[in-house]
Amino acid sequence: MQLSDYRIGCVGTALKLYDQLGEEIYCEALRHIVEAWEGKPDSFRAAVLRGVMYFVQLYHGQYSEERLVRALSGVHPMELYRVSRDNPAKLPGWRRYVYPIYTTYNGKCRKDALPMKF
C-alpha cells in the first residue's frame, strides 16, 4: 500500500456526487471502486467516480455487483478515463462517464446485458 492509496483527489466532485446521489448510492459505488482496484489513486479520478456512481444510480437493483467488480478489475481506471474524455459515442454531460462503465459491464456477452438507459 502506498501513501496515496484510498485518497480521493477530486474532493469537490466527490462532495457534489454525494449531495446529488445520496449516501446509499455514493457508498455502494465507492465500495465497488475499492473492491475492483484496491484503492489505487487512478480509480478515484473524477471521471471514474462519476461513471461508476451514475451507473449504480441508473441500474440500482438491476446489475450484479460481483459482475461489475469483476469487469472493472479487468480494466485499468485510466482506460475508462480516456474513453470518457474521448467520448466515442458523442454522449452529452454525465452520460459520457457512464458509457465506458456500461460497455465494460456488458462486455461482449449478450446474456444478461443491461439495456442502455441513457
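This is a predicted model: local features need pLDDT of at least 70, side-chain atom pairs count only at pLDDT 80 or more; totals for chains, interfaces and linings use all residues.
Me: Buried or exposed: as which does asparagine 87 count?
Reply: Asparagine 87 counts as buried, because its relative accessibility is 12% (buried means under 20% relative accessible area, exposed over 50%, and partly exposed in between, with a 1.4 Å probe and protein chains only).

Me: Which phi does aspartate 112 have, and where does the residue lie?
Reply: Aspartate 112 is not a glycine either, and its phi is positive, at about 60°. Aspartate 112 belongs to the segment after H6 and counts as exposed, because its relative accessibility is 55%.

Me: Changing topic: at what angle do H2 and H4 pack?
Reply: Helix H2 (residues 23-37) and helix H4 (residues 65-73) pack at an angle of about 50°, and their axes are 8 Å apart. Axes are lines fitted to C-alpha atoms, for helices over the stretch in contact, and angles run from 0 to 180 degrees between N-to-C directions. The angle makes H2 oblique to H4 (angles under 35 degrees count as roughly parallel, over 145 as roughly antiparallel, 65 to 115 as roughly perpendicular and the rest as oblique).

Me: Is that crossing left-handed or right-handed?
Reply: H2 and H4 cross in a right-handed manner; a crossing is right-handed if the near helix is turned clockwise from the far one by less than a right angle, and left-handed if anticlockwise.

Me: Which residues meet there?
Reply: From H2, Glu28, Arg31, His32, Glu35, Ala36 and Trp37 meet Glu65, Leu68, Val69, Leu72 and Ser73 of H4, where contact means heavy atoms within 4.5 Å. By class, this contact of H2 with H4 has five nonpolar, two polar and four charged residues (Ala, Val, Leu, Ile, Met, Phe, Trp, Tyr, Cys and Pro count as nonpolar, Asp, Glu, Lys and Arg as charged, and the others, Gly among them, as polar).

Me: What does histidine 32 touch?
Reply: Leaving aside residues up to four places away in sequence, histidine 32 touches Val56, Tyr63, Glu65, Leu68 and Val69. Histidine 32 is buried, with a relative accessible area of 0%.

Me: In H4, which residues are buried?
Reply: Arg67, Leu68, Val69, Ala71 and Leu72 are buried in H4. The buried residues of H4 pack against H2, H3, helix H5 (77-86) and H6.

Me: Which members of the largest nonpolar core touch the most other members?
Reply: They are Leu49, Val52, Met53, Phe55, Tyr63 and Leu72, out of 32 residues in that core. A nonpolar core is a set of buried Ala, Val, Leu, Ile, Met, Phe, Trp, Tyr and Cys residues joined through side-chain atoms within 4.5 Å. Two or more residues come from each of H1, H2, helix H3 (46-58), H4 and helix H6 (95-106).

Me: What does valine 52 touch?
Reply: Valine 52 touches Ala29, Ile33, Leu72 and Ile101, not counting residues up to four places away in sequence.

Me: How do H3 and H6 pack?
Reply: Their angle is about 65°, with the axes 7 Å apart, which makes H3 roughly perpendicular to H6. The contact of H3 with H6 has ten nonpolar, one polar and one charged residues by class. H3 passes H6 in a right-handed crossing.

Me: And how do the axes of H1 and H2 cross?
Reply: The axes of H1 and H2 come within 6 Å and cross at roughly 130°, which makes H1 oblique to H2. Ala14, Leu17, Tyr18 and Leu21 in H1 meet Glu23, Ile25 and Tyr26 in H2.

Me: Finally, where is glycine 74?
Reply: Glycine 74 is in the loop between H4 and H5, and is exposed, with a relative accessible area of 65%. The C-alpha atoms of glycine 74 and alanine 36 are separated by 8.3 Å, although these residues are 38 residues apart along the chain.

How values were computed. Residues are numbered from 1 along each chain as its sequence is written. Side-chain values use heavy atoms; hydrogens and water are left out. Helices (H or I, at least four residues) and strands (E, at least two) are DSSP runs, numbered from the N terminus.
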